Amino acid sequence: MAVSEDLKQRKGVSKKQRQPTDAKKGEDNVVAQTGQTWGRTRDVPLSSVIGVSMIMAFCPLLVLYFWSACTYDECRILGPALKAVDDPQRFLKEFFPVPTNEGFALYFGWLLFQGLCYAFVPAKVGYGQTTPAGLTLPYVVNGLRVWVITHALYILGSDLFLNLYPLTLIYDHWPALLVAANCYGYFLTFFTYAKAHLFPSHPADRKFSGSAAYDLFFGIEFNPRLGKLWDFKLFHNGRPGIVAWTLINLSFAAAQAKILGRVTNSMVLVNILHVIYVVDFFWNEDWYLRTIDIAHDHFGFYLAWGDSVWLPWMYTLQSHFLVRHPTDLSTPTFLLVLGLGLGGYAIFRAANNQKDLARRTNGDCKIWGRPARVVRTQFQTSDGKVHTSILLASGFWGISRHFNYVGDLMISAAMCWACGAHEWILPQFYLVYMTILLVHRIERDHQRLVGKYGKYWEEYCGVVRYKLIPYVY
C-alpha cells in the first residue's frame with residue numbers, strides 16, 4: 001500500500017527509524033521515537049515541565065493531608081490546615097504516618113503475592129493496540145481470577161473463618177501501609193526511569209522529552225517488562241491497585257461494624273458500587289488493553305506512584321469517611337443513588353461494548369438497529385508501515401466523542417453521594433478529581449488522535465461535534 005503524503009508529512013519516517021513488528025528483531029538500531037510521532041508528547045514547553053514538577057511535589061502531600069484529616073480531624077477538610085496555624089508541632093506530628101515493621105511486611109508480602117498470581121495463575125493472552133513503533137504486544141489477562149482468589153483467601157484467613165488475623169487488618173495498619181506504599185511508589189518511579197536508559201524492553205517505543213522532570217513524571221518506556229509477558233503497566237494498575245480497592249473497602253466496612261456494631265446502608269452501597277466497577281474492569285480486562293492507560297500512557301511517576309499510592313488511598317476515601325462518620329440513608333435516597341450508579345454503569349458499559357463490537361467487525365455491524373456509521377482511517381507507525389482503523393460515529397459515539405465518560409461520572413457521583421448530602425467536602429473529592437481527570441484525558445486524547453489520524457480525525461470531529469456533553473462541551 002502506498003504511503004499518502006499526509007501520512008509522510010505527519011510522521012516524518014526515515015529509513016533509520018523503520019523496524020519490523022517483531023519486538024526482538026532489529027529494534028536495537030533505534031534509540032527512541034523521533035520526529036513528529038503520535039503518542040505521548042515528546043517536545044514539551046517549560047510550562048508543562050513546571051506543571052508536572054508541581055504535581056509530583058503536591059500530590060504526595062495531598063494524600064498525607066487527606067489521611068491526616070480523616071485520622072485526626074474527623075475528615076474535616078480544613079482540620080489539618082487550621083492545626084498548622086494553631087499548633088504547628090502537633091500538625092507535624094499528625095501529618096506524617098509512622099512506619100512499622102508489620103506495615104512493610106504486609107505491603108511487600110502483598111506485592112509478592114500479587115506478582116506470583118500475575119505470573120502463575122492460568123491466564124489467556126490478550127493483545128493491545130499497535131504502538132507508535134509498530135509493535136502489537138501480548139498481555140497476561142487473569143485479573144478476574146486473581147481478584148476472586150485474593151478476596152476469597154483474605155476472607156478465609158480472617159477472624160470470620162480461620163482466625164489468622166482480623167478482617168480489619170488493612171484498616172488497622174493503614175498509616176504504616178501508606179509509608180510502605182510511598183516507598184515502593186518512589187522506588188518504582190526511579191527504577192523504571194533508570195531501566196528506560198539502561199535496559200529498555202522496547203527501545204523503539206521510548207520517548208525522551210529533553211526534560212528529566214517530564215520524563216520522570218510521564219515515563220520514557222511505553223511498556224517496560226520483565227521477560228516477554230510481565231508488564232509493569234498492566235500489573236501495577238490492575239493488581240496492587242484495583243484488586244486492593246475493594247479489599248480496602250471490605251476492611252473498612254469491617255472496622256465500621258467493629259466500632260458501631262453494624263454496617264450502615266451507605267457503607268453497603270459504597271461497597272456495591274465499587275465492586276461493580278472493579279469486577280467490570282477485570283471482566284473486560286482484554287478490552288482495557290485498548291484504552292488510554294495501556295494504549296497511550298508511558299510508565300512513569302504518573303502510573304508508578306499513582307497506582308501504588310494515589311489509587312488505593314484516594315479512591316477509597318468514601319469508605320474511610322464512613323468509618324469516621326457512619327451514615328444511614330433513607331430508603332428513597334438509597335434507591336436514588338443506587339439507580340444513578342447503575343444507570344451510569346449501563347451507559348459506560350453499553351458505550352464501550354458498542355466500540356468493541358465495531359472494532360471486532362470492522363464497522364460491519366448494527367448499532368441501535370441501524371448500520372454503524374464509521375470513519376475509515378489510515379495511520380503510520382515508525383517502522384514505516386501503514387495501518388487501517390475505524391472511528392465509530394453511531395450510538396453513544398454519535399452523541400459525543402467520549403459519551404462513555406458521562407456514565408463514568410454518573411458512577412463517580414453515586415459513589416460520593418452514597419456518603420450523604422451534607423456539609424462534608426472530603427468524600428466528594430473523588431467526583432471532582434474524576435471530572436478533572438476525564439476532561440484532561442479528552443484533551444490529551446484529542447492531541448494524540450490529531451497526530452495519529454490527521455485529516456481523518458478532523459473528518460470525525462466534523463461528524464461528532466461534541467467532546468463530552470452535547471451543546472455544553
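The model is a predicted one, in which local features need pLDDT of at least 70 and side-chain atom pairs count only at pLDDT 80 or more, while totals for chains, interfaces and linings use all residues. Residues are numbered from 1 along each chain as its sequence is written, and side-chain values use heavy atoms, with hydrogens and water left out.

What does Glu221 form with Lys195? The two residues form a salt bridge, with 2.9 Å between the closest N and O atoms (a salt bridge is a side-chain nitrogen of Lys or Arg within 4 Å of a carboxyl oxygen of Asp or Glu). Glu221 sits in the loop between α9 (212–218) and β3 (225–226), and Lys195 belongs to helix α8 (residues 174–198), so the pair ties together parts that are 26 residues apart in sequence. Helices (H or I, at least four residues) and strands (E, at least two) are DSSP runs, numbered from the N terminus. Lys195 counts as buried too, at 1% relative accessibility.

The structure holds 16 salt bridges, and some others deserve a look. Asp231 and Arg225 meet through their side chains in a salt bridge of 2.9 Å, N to O, and both of these residues are buried. Another salt bridge joins the side chains of Asp356 and Arg290 at 3.9 Å, N to O. Here Asp356 is part of helix α16 (residues 331–360) and Arg290 lies in the loop between α12 (285–288) and α13 (292–295), so parts that are 66 residues apart in sequence are tied together by the pair. Asp356 has 18% relative accessibility and therefore counts as buried. Salt bridges with shared partners also join Asp73, Lys83, Arg90 and Glu94 into one network.

The strands come next. Strand β7 (residues 374–380) pairs with β8 in the antiparallel sense over seven bridges (two strands pair if DSSP finds at least two bridges between them). Which residue in β8 is the bridge partner of Phe379? That partner is His387. The two strands, β7 and β8, form a hairpin with five residues between them, and Gly384 in the turn has a positive phi of about 90 degrees. Strand β8 (residues 386–392) is mostly covered, as five of its seven residues are buried.

Most residues other than glycine have a negative phi. Glu74, although not a glycine, has a positive phi of about 55 degrees. This residue, Glu74, is found in the loop between α2 (46–72) and α3 (79–86), and at 42% relative accessibility Glu74 counts as partly exposed. Trp368, also a residue other than glycine, has a positive phi near 55 degrees. Trp368 has its place in the loop between β5 (366–367) and β6 (370–371). With a relative accessible area of 54%, Trp368 is exposed.

Finally, is Leu160 buried or exposed? Leu160 is exposed, because its relative accessible area is 52%. The residue lies in the loop between α6 (143–157) and α7 (169–172). Once neighbours within four places in sequence are left aside, Leu160 is in contact with Ile155 and Leu167 (contact means heavy atoms within 4.5 Å).

Notes: Buried < 20%, exposed > 50% of the residue type's maximum accessible area, 1.4 Å probe, protein only.
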